Amino acid sequence: MRTPTAMIVGLVLCPCGLLLSLTGTLAPNWRQVSLVPDQPVDLILEQGIWDMCRERQSTHDRLCGQPDELGYFEQVPVEVARGMMPTSLVLTLLGLLVATLGVRCWRKEPLHLLAGVAGLVLLLSGLLSLVPVSWYTHELWALPAPAGSTLVVGYSLVLSYLGSCLEILGGLALTLSFHHCCKERRAPKLPPSPVPEAGQCSTTGAYRNPWDVLEDEQDGQHLRSTLPCDSDL
C-alpha cells in the first residue's frame with residue numbers, strides 16, 4: 001500500500017516548520033531599532049528574546065550581549081516567548097517522532113491512529129509558537145525603546161510566523177488519518193471466500209462432447225454457460 005498523501009504532506013511541512021521556528025527562536029532579531037538619537041545614523045539595534053546586538057551598516061561590525069538598560073527582557077511578551085517557544089520546539093520533536101512510528105516505512109500498512117495522535121501534537125506545538133509570536137507583534141511598538149527611534153519587524157519574527165503556520169498545516173494533514181481509522185473500524189469484516197483447488201472444475205453446465213460447444217455457440221447461448229474443462233473435450 002502506498003503512503004497516503006496527507007501523511008507525506010505532514011512529514012514534509014512539519015520538519016520545515018521546526019527549522020524555521022528554531023531559527024526564529026535563537027536568532028536575536030525579533031525587532032530592529034534604527035535612527036537612535038545621539039547615535040550614528042547607520043547604527044541598528046537588533047533585539048531578540050535571548051540577546052541584543054548592535055551593528056554598524058557601514059562597517060558591518062556586530063557586537064552582541066548588549067546591556068538591557070530599558071528593561072526590555074522584563075516585559076511580559078518577551079518572557080512568555082522565552083517560555084513557550086522552547087516548549088513548542090520540544091513538542092514538535094515529540095510529534096515528529098510519533099509520526100515517524102505511525103507512518104509506515106517498514107510495514108505494509110500505516111498506523112492511522114498513531115499518525116493522527118502525532119498530528120494533534122504537532123498542531124498543538126504550532127499553536128504554542130503562534131501565540132507568543134502574535135502577542136509580540138501586537139506589542140512591538142509598546143515595548144521599551146529609545147525615544148525618537150524607528151522600530152521595524154525583524155526577520156526572526158517572520159521566520160517564527162512561517163514555522164508556526166507550517167507546523168499547524170502539517171499537523172492538520174496528519175490528523176486526517178483519524179478518518180481512515182474510523183473507516184477501518186466501521187467496515188464490516190467479511191469471512192474469507194474459499195479458494196478452489198487447482199485442477200478442480202465445476203461440473204454444472206459442463207459440456208459432454210465437443211459438438212455441444214459448437215451448437216451452443218451457434219444458438220447464442222455461450223455467455224450463459226460454463227466454460228468447458230479440458231477433461232470434457
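Biologist: Which elements each supply at least two residues of the nonpolar patch?

Modeller: In this predicted model, strand β5 (150-153) and helix α4 (155-175) each contribute at least two residues to the patch. Its members are Trp141, Val152, Val153, Val158 and Leu162, and its area is about 450 Å².

Biologist: Where is tryptophan 141 placed, and why is tryptophan 141 called exposed?

Modeller: Tryptophan 141 sits in the loop between α3 (112-138) and β5. Exposed means over 50% relative accessible area. Tryptophan 141 has 57% and is therefore exposed.

Biologist: How many aromatic pairs does the rule give, and what makes the pair of tryptophan 30 and tyrosine 136 edge-to-face?

Modeller: The count is two aromatic pairs. For tryptophan 30 and tyrosine 136, the centres are 5.1 Å apart and the planes stand at 80°.

Biologist: How do you know whether tryptophan 30 and tyrosine 136 are buried or exposed?

Modeller: The cut-off for buried is under 20%. Tryptophan 30 is at 0% relative accessibility and so counts as buried; tyrosine 136, at 0%, is likewise buried.

Biologist: What makes tyrosine 72 and phenylalanine 73 an edge-to-face pair?

Modeller: Their centres are 5.2 Å apart, with 70° between the planes; the angle is over 60 degrees, so the edge-to-face label applies.

Biologist: Why is the link between cysteine 53 and cysteine 64 called a disulfide, and why is it right-handed?

Modeller: The sulfur atoms of cysteine 53 and cysteine 64 are 2.0 Å apart. A disulfide requires sulfur atoms within 2.5 Å, so this pair qualifies. The torsion about its S-S bond is about 100°, so the disulfide is right-handed. Cysteine 53 lies in strand β3 (residues 52-56) and cysteine 64 in strand β4 (residues 61-64), so the bond ties together parts eleven residues apart in sequence.

Biologist: How do you know that cysteine 16 is in no disulfide?

Modeller: The nearest cysteine sulfur to that of cysteine 16 belongs to cysteine 14, 9.2 Å away. The cut-off is 2.5 Å, so cysteine 16 forms no disulfide.

Key. Residues are numbered from 1 along each chain as its sequence is written. This is a predicted model: local features need pLDDT of at least 70, side-chain atom pairs count only at pLDDT 80 or more; totals for chains, interfaces and linings use all residues. Side-chain values use heavy atoms; hydrogens and water are left out. Patches are made of residues with over 30% relative accessible area and no salt bridge: like charges are joined within 9 Å, nonpolar side chains (Val, Leu, Ile, Met, Phe, Trp, Tyr) within 5 Å. Accessible areas come from the Shrake-Rupley method with a 1.4 Å probe; for residues, only the protein chains shown count as cover. A salt bridge is a side-chain nitrogen of Lys or Arg within 4 Å of a carboxyl oxygen of Asp or Glu. Helices (H or I, at least four residues) and strands (E, at least two) are DSSP runs, numbered from the N terminus. Buried means under 20% relative accessible area, exposed over 50%, partly exposed in between (1.4 Å probe, protein chains only). Rings of Phe, Tyr and Trp (its six-membered ring) pair if their centres lie within 6.5 Å; planes under 30 degrees apart count as stacked, over 60 as edge-to-face and the rest as tilted.
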